[in-house]
Amino acid sequence: MKHYSAFAVAREALRYHTGWERAWRSPEPKKRYDVIIVGAGGHGLATAYYLGKNYGIQNVAVIEKGWLGGGNTGRNTTIIRSNYLQDPSAAIYEKSRGLYEDLSQDLNYNVMFSPRGVMMLAQTQHEVRGYQRTAHANALQGVKTEWIEPERVKQLVPIINIDGPRYPVLGALWQERGGTARHDAVAWGYARACSNMGMDIIQQCEVTGVRSENGRVTGVETTKGAIECDKLGIVVAGHSGQLAEMAGFRLPVEALALQALVSEPIKPCMDVVVMANTVHGYMSQSDKGEMVIGGGTDGFNNFTQRGSFHHIEETVRALVETFPMISRLKMLRQWGGIVDMTGDRSPILSKTPLGGCFINCGWGTGGFKAIPGSGWGMAQLMATGHSPLTEAFSLDRFKEGRFIDESVAAGVAH
Amino acid sequence: MLILKCPYCGVDAEETELTAGGEAHLKRFGPGASDDDFHDYLFMRENPKGVHFERWRHSNGCGKWFHAARCTATLEVFGTYSAQVTEPPKEIRDAISAKRPGWTWREFS
Amino acid sequence: MSTRLANQGRLIDRSKPVTFSFNGTSMQGYQGDTLASALLANDQMMVGRSFKYHRPRGVVASGAEEPNALVGLGQGNRFEPNQRATTTELFNGLTAISQNHWPSLEYDIGAVNTALARFLPAGFYYKTFIHPKPFWKHVYEPFIRQSAGLGKAPDKDSRDADTYEHFYAFTDVLVIGGGVAGLQAAKAAAQSGAKVMLIEQTAHWGGRAPVDGGTVNDEPVDKFVEQLVSELETMDNVTLRSRCMGAGVYDHGYVLGYERLTDHKPGTQGPRHRLWRIRAKQVVTATGAIERPLSFAGNDVPGVMLASAMRDYVVNWGVTPGERVIVATNNDDAYRTAIILKQAGVDVLRVVDARPSAGPLADEARSLGIRVDPGKAIAKVKGVKRVKKVAICNQEGIGGAREEVECDAVAMSGGWSPVVHLWSHCGGKLIWDEANAHFRPDPDRPPLGANGEGFVVAAGSTSGPLALGEVLADAHAAGKAAAKAAGFKPKNTKAPQGEAETEAPMQAVWLMPAKAEVQLRMKSWLDFQNDVKVSDVQLAAREGYESVEHTKRYTTLGMATDQGKLSNINGLAILADALESEIPKVGTTTFRPPYTPISMGAIAGEARGEVFQPIRRTPMHDWHDRNGADWEPVGHWRRPYAYVRAGESVHDAVNREVKNTRENLGLLDASTLGKLIVKGPDSGKFLDMMYTNMMSTLKVGKCRYGLMCSENGFLIDDGVVARIDEDTWLCHTTTGGAERIHAHMEEWLQTEWWDWKVYVANVTEQYAQVAVVGPNARKVLEKLGGMDVSREALPFMEWRDGQIGGFDCRAYRISFSGELSYEIAVPASQGQAFWDALMEAGKEFGVKPYGTECLHILRAEKGFIMIGDETDGTVIPQDLGLHWAISKKKEDFLGKRAQERSHMTDPDRWKLVGLETVDGSVLPDGAYAVGEGVNANGQRNVIGRVTSTYYSSNLSRGIAMGLVKNGPNRMGEVIEFPGTDDKIYKAKIVDPVFYDKDGEKQNV
Amino acid sequence: MSEPISALNHASFDGIARIEECGLQGMITLRGDLSDKLVTKAVKDATGQKMPGQREAFVNGETGVCWMSPDELLVLVPYAEVEAKLAAMQDALSGVHALAVNVSDARAVFRVSGPTAREVLGKVAPVDFSSDVFQPGQIRRTRLAQVAGAFWMDDAESFRVVCFRSVADYVFKLLKVAAQPGSEVGYY
């Protein structure tokens, strides 16, 4: 594989860039793999990558019904943070954030991780206490966050209105090394690295059945024929329930629409990510200059990848109130994705009732930031049967009443 | 932006007058129920890509809960009906059969 | 040069000159001009810089599809970046600035990128800027961000000077687009009696037809349009709105209309934009078609323009973008431009037609003396800031054997693409039309509405046909079909007869010349704004970014502010060719709303400032405000946090209120607490399910503190329940809990126990409720006179109806402070008067109002829990030592089964205790107590946390409550709480009741 | 008792329509079986009106009855008479399962009047205000922007709008924005 560098680009320029090779191969499936991952989104590709990198398991296929990175990996608002309250969440998101720090170098693909800082505004006394609690928890979890006062908020975000008539800004939880990354590049970078290890990424191939014998997975049926495997990882976000059904078990998840929007691009005016949970909105500015805005989910099951417009209205009015200068910017594009929500709004990374079959789902609104950590933990779980990163996120927690509830500190968990 | 007809006040209510209430026709399990039954009652939701039965409340309206039969893949509404039933009425099931022959949902078809 | 013609210009009024400025230069136009036409009339060819290479950019289109002519419009609190000059109506005093350059439009440092373009192909940033690691954030990214972005950001503190509003409309048929097709479809639909609404994004009716010409029923088409509009205006069931764009089509017939009310006359009274939320049974999209550019080298140089746009500028605004024009085309329509230019006196040097032969329009052009070159192509346009000359070659071939012709403008036409956006927003599917080389709506796969049937019909050129006669016939049929689908019976009428000159077939030309060599392809633009060229799409395909979504994202094709209106099909075709596939197999990217960008202000609507969100006010709100209330939002309510006097800090005020209430008399506005009436023969049974306590056994006249849990076992609310009579209870909820708990009760009554005879009513706001608290509480009530409030007549945890001070009231002898305390409810309309009476009568007893923080401290001193502090959605009553409030006798209540799960009965759960710092200081809010070592993820093990912490002025020390692992069994143990200030706070585990442990003060 | 004060004490605004707070209105929430003869009679005795059908509002000045849901009515009586009427009603209904409660002070009432009254409300409620769809004699419970509300028409150009007392200030300001000068829609 050709190494990416400025030098390589310059060299290629001399021959009009005709010498670049494919970023990833596009092979036909083999008859058998050690591991099959269903779903070539960020989480699936990262799982495959760390299986190869950390455990030497490289006879791996990643099967994708559409195009790699075409699901929620490519339609989120790209925020990366780990300032979670509960220990298991903080552990996996901080692992993830740490991996993002070096991901471009690790993958030799610039994923544009930009640790520009993530700020969660406190606009009620209740939120002040919630975020101060999070700050205390983070300090013990090894997550570097701090509570900052309104003056510092205004200094970091000059366009913010800190003394709005409805909800003055009382302070914020600040994670300096949180930020954003280029979402597509994360999927593409992992795909290229996986392909380079000899793994097969098989796009346009839909899994239609899961084969098993004696309670253990033996392979999958696909639109490109049956493929055998020893272990199977299901990492398909919005369609987890359908895959689980093929594998003979059920999941406590529901599919909801989540929406986001961007403004037209403008020159840089906001260098950090701001989340305002009291009014339900968050915003950052992309490298391209667009204000990237996200809000909440619809309340009903929906597989259309379209949401209801009133959620866009609610989000935009919250942000116009918080950042009045955006009133005369224009919404360029709105879109939706399907997110799967669990009973406690935290993900499931778990063994399943089917031997050798593992599930990674339920990321709800917060999956992008977790991609490297989730892949790392899933790879460990699939390779060794145990991972401290995924342990608390098991399927059986709901039966025991052992929830991982992040809404405790913040209304939403993007 | 869904519109559902509230069977109680007859209004074609748009989504902003309504509150979604999740899966319909749940059987409550209380004290004495097994761990599995209780778990399924609270968490194991139907999540079909297709015909689905769910609860809604006309919260910015007459305040009544009602049931809706809806397709989660196209958002087609097959009908709305009373909250005070434990299973979808026949006319609703027939209406679905006319549009989606062979449909199933839980034990219903 | 581009210039105003002596005549022509059907939309301008030459008697009304308009003065405006561009980049500080004063210019003149006419009323009826767009900013773009006025700029062209002033020979302002270059109007901006492109996104990536900062190349000079000129006007390329005449409408919403314009990617280049974006300006910063207005000033100060009315400044708006990225406004399209082509859709900006000119007005006196308009100020515009060009974008994306420094220091000026003419001399832009960023233009160095254009020289480096070869080193900056699609996706170059994924391959570079990787090392050294810190450079991305600190060097590369800031540079990229600064050179990217388009318009200037509004000032950081600017406040939009305009207002916005929403409006709901309901119609049987909504027609989007006021061209001939939309007008005809609206008429055909309206003739059925259906309620019809027709919206048009521009200020004019008729769309392109008056420019393109032709006849309808043997009359000129512009006359036909005029008649049709006046006819529609007289129909009662038709509403016409111009300057109102169909922005998006959503599920169940919901359509957003974006009406621009004062953009063309800023500062006039009324809202600037109105966002229409239209519900239509049927939607007709008559959104026309957009001409495609041709991909040849230098097609981005200012002066290269869509042929149709050039025609528009001549006919509509009397402006020609050039004096010596070359027309390049693959279809007959562009000949209309050549003919119109020629007729307007412009030198049309030649028509370069990629096809071997053309139709009758070409003959007409020839007859006017225009040279037509069949089978030819533009090899390259030369010029930097404007067109200087054009090199012409054979279409077949790589672009050799060129002939150079000097000229100052190029009109190009690559064929027409229907505007399928609105059809596609909600799931309508497309089919590829080989003859016209475009995607058009597939009538068999429309977007589906609530009834599962199609709810969108495409009409006119949106659905494929381009000739006037076919367009009218199609639109007429579409209007009737929509009316029928909306439940009306269309009249049996015939479509008007439209005639236009017959045209020869177009020929798909995706690259000019067909086998252009790489040096040309690297200069052939697909996306003008984002600088995506033919070679970039080919590179993406070569590197495996094969999906159209991959290519779009890798190259940024179609991601500019025009969202690919000009570039999509051309890009797809190049991609299909590179993949050796077919265009329909490659497919399109997803069309998402809005059609063109809409203002955030319009989306927010009226919800700004004072009406951003409702603020709920108690009857005494204004009094609190006048008396120093430091407000705290609690849900949508506002409650006084403390009453701050002159010279006091908030903290001082709280301490004063705490002491005064314990020593004298405090008044709390408790009106926000929810009050629900529960009545009926099954109410006792019902409340026994709702609460963990037994409520059915409560005696009439008595009160009981109750806990509510969710079915999942967690505490969700608490409050005092009073039994009013045999079958009536009154349940208090927390502030902001009334609606939630009312809904919770109704849910169970309506959906689970619907045969139980219980009615619930929310009477929260019927009452103003005042907590009269402190050693002097009884004295002040006795002074006011009325009902007997003595210890004997009104014992603790009982209530009575009566009068106090002449006010009808209900008095509850309950206490959340541990003091002698009454909560008195009076009708809300009497609330302020009652409060005044208490304040007046209480003077001699040291009465002072107190706020929520004092309330919190008083309850914490007594070890009372607060929902939201001690609970956070993960806490069960057992954690809080509230076993006494959980009935053992009941078989069932909501949450009971959940609380039996293994994790809920785990003896290691964290339990409520009091915490006293060893040194008397205040524990930090939210601090965690640490145990030994770290967990498997390297996180410090924790054994508890602070849930409430205050300075108690009564005890002159910090007091706190917390949840600690096995806490109640560890009394006296000192545990450590690391602060975020690097200090370690040591606290002793104690009983949570800090003050008056025996309750002597409240039971007097 | 002292003089009772309504939420906004008759505040008013003149824009493209006139907005005024109506002062105190006697209101009783009555829940019960609406087909029960005793309930029908109680309503008749209190208001002189017959039992309204689905979404009907029979209102004459300060007296009337509105259908709120299949088991709920809003009974309107002059404010001064509400306690007496309520007592009579409770007395008449003592034998049946019903709930009658005074909610007069829990509400605020506005009048929105003028030729553009329909348009003003069309800006804040997701309701079809066409004259062939919504007319005097009907009530609609819905949303007024961000809060719950209800309204009926007293005549072709005037509405009475009811909301909770605590949000009266919000609703008044909301209606003022909706009626701001220069904001005529020209739709209804």
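Which residue just after α7(A) takes a positive phi? Select A:G198: its phi is about 95 degrees.

This is a predicted model, where local features need pLDDT of at least 70, side-chain atom pairs count only at pLDDT 80 or more, and totals for chains, interfaces and linings use all residues. Residues are numbered from 1 along each chain as its sequence is written, chains are lettered from A and ligands numbered from 1 in the order written, and side-chain values use heavy atoms, without hydrogens or water.

**Stop one: the helix**

Step back to α7 of chain A, residues 183-196. Helices here are DSSP runs of H or I, at least four residues, numbered from the N terminus. This one has 14 residues and reaches 20 Å from first C-alpha to last, close to the 20 Å expected at 1.5 Å a residue. That expected span is 1.5 Å times one less than the number of residues. Of the 14 residues, 13 are buried, so α7(A) is largely enclosed by the rest of the structure. Buried means under 20% relative accessible area (1.4 Å probe, protein chains only).

**Stop two: where C meets A**

Now show chains A and C together. The contact (heavy atoms within 4.5 Å) takes 111 residues from chain A and 124 from chain C. Select C:R145, C:R592 and C:M600. In chain C, these three lose the most area to chain A, together 8% of what that side buries.

**Stop three: a salt bridge**

Zoom in on C:R145 and A:D271. They form a salt bridge, with the closest N and O atoms 2.9 Å apart. The rule asks for a side-chain nitrogen of Lys or Arg within 4 Å of a carboxyl oxygen of Asp or Glu. Across this interface of chain C and chain A, it finds 14 salt bridges.

Terms used. Helices (H or I, at least four residues) and strands (E, at least two) are DSSP runs, numbered from the N terminus. Buried means under 20% relative accessible area, exposed over 50%, partly exposed in between (1.4 Å probe, protein chains only). Buried area is the accessible area (1.4 Å probe) that two parts lose on being put together, summed over both.
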